[in-house]
Amino acid sequence: MNSARRSFAGALAAMDVVIEVMDARLPGASCNPMIEELRRFRNRSCLKLLNKADLADPDATREWIAHYNTQPGVLAVAISAKHPADVGRIPALARQLAPHRSGAEKPLRMILAGIPNVGKSTLMNALLKRRVAKVGDEPAVTKGQQTLDLGPGMTLTDTPGLMWPKIEHDADGFMLAASHAIGRNAVIDEEVAVNLGTILLARYPAFIKTRYRIDTIGLDGEGLLEHIAHLRGCVRKGGGFDLEKAANVFLTDYRAGTLGRISLETPESRQRMLAAVAKEDGATA
Ligand code: G4P
């Protein structure tokens, strides 16, 4: 993290606008606070892109956009890097943030940042209309730094170094793992799936009911996983449910958007989570 910090801080000195990519389904958990801290320190504007908006709950996304747009020097928009029309709006939005930079003499210099798997490579390829970065659902595919011309008077530099999320809270770790922003070996799928089940049963019971044909009243995350194992025939050779396999079925459904458009957090739920953590910390201090 220290080398990522150093190289980002170094590169930032010669940039005008930070383009920060987050996952619209979990903007709070998928932002790296270091990006915000350094860009404020350098007094750089920030275009916050809530990417994968096609998978996120539009109401929650609207709330996040309104939340970020109250912050100084920030312009937040929801996009899908897979939709060319969304990507096409980005250069003009970035220009709004640094109107003093234009033309070949003073090109608008943008730096792309974000934690792994939020869609930076997809976005970069779409912006350049050619394949310059490898896209993959396995985290951390983009490794080096590159600066590319993005049309007349505009350059785009991608993030030097890997910006892993800062996982201060267990809740964030679970959301990031469910959304595949942290690697498969870092966490146990079963635990992640139970946690995801708990969130979805509270926020989107109708999606669960429709997809897995189950009455959700009184159901918890563990019960849901057992039901999915039963429904999808996930059983061990010696007998008993194969909950790891069921977890995989459930996580794949969520990641692919098969359950419906889902957001794992809203500005309000995040504030509640942070307040609960602060209270707990206060009680144990
Ligand atoms: P990164 O550089 O930040 O690490 O992310 P990357 O672009 O590699 O994207 C990670 C995964 O997220 C890829 O899925 C990519 O297609 C998907 N993705 C990126 N942007 C969007 C978006 O706006 N909407 C949706 N639905 N998915 C997006 P993948 O399964 O590895 O690749 P693919 O089979 O989809 O190409």
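A: Here is a walk through the salt bridges, pair by pair. Please keep in mind that this is a predicted model. A search of the whole structure finds 14 salt bridges.

Let's start with Arg5 and Glu37, whose side chains meet in a salt bridge at 2.6 Å from N to O. This pair links distant parts of the chain, with Arg5 in helix α1 (residues 2–12) and Glu37 in helix α2 (residues 33–41), 32 residues apart. Arg5 counts as partly exposed because its relative accessibility is 30%, and Glu37 counts as partly exposed at 42%.

Next come Asp16 and Arg109, which form a salt bridge at 2.8 Å, again from N to O. Here too the pair joins distant parts of the chain: Arg109 lies in strand β4 (residues 108–113), and the two residues are 93 apart. Asp16 has a relative accessibility of 11%, so it counts as buried, whereas Arg109, at 24%, is partly exposed. The cut-off that matters for this pair is that buried means under 20% relative accessible area.

A further salt bridge joins Arg236 and Asp242, where the closest N and O atoms are 3.8 Å apart. Arg236 is partly exposed, with a relative accessible area of 42%, while Asp242 is buried at 16%.

Terms used: Residues numbered from 1 in each chain as written. Predicted model: local features only at pLDDT ≥ 70, side-chain atom pairs only at ≥ 80, totals over all residues. Heavy atoms only, no water. Salt bridge = Lys/Arg side-chain N within 4 Å of Asp/Glu carboxyl O. Helix = DSSP H or I, 4+ residues; strand = E, 2+ residues; numbered from the N terminus. Buried < 20%, exposed > 50% of the residue type's maximum accessible area, 1.4 Å probe, protein only.
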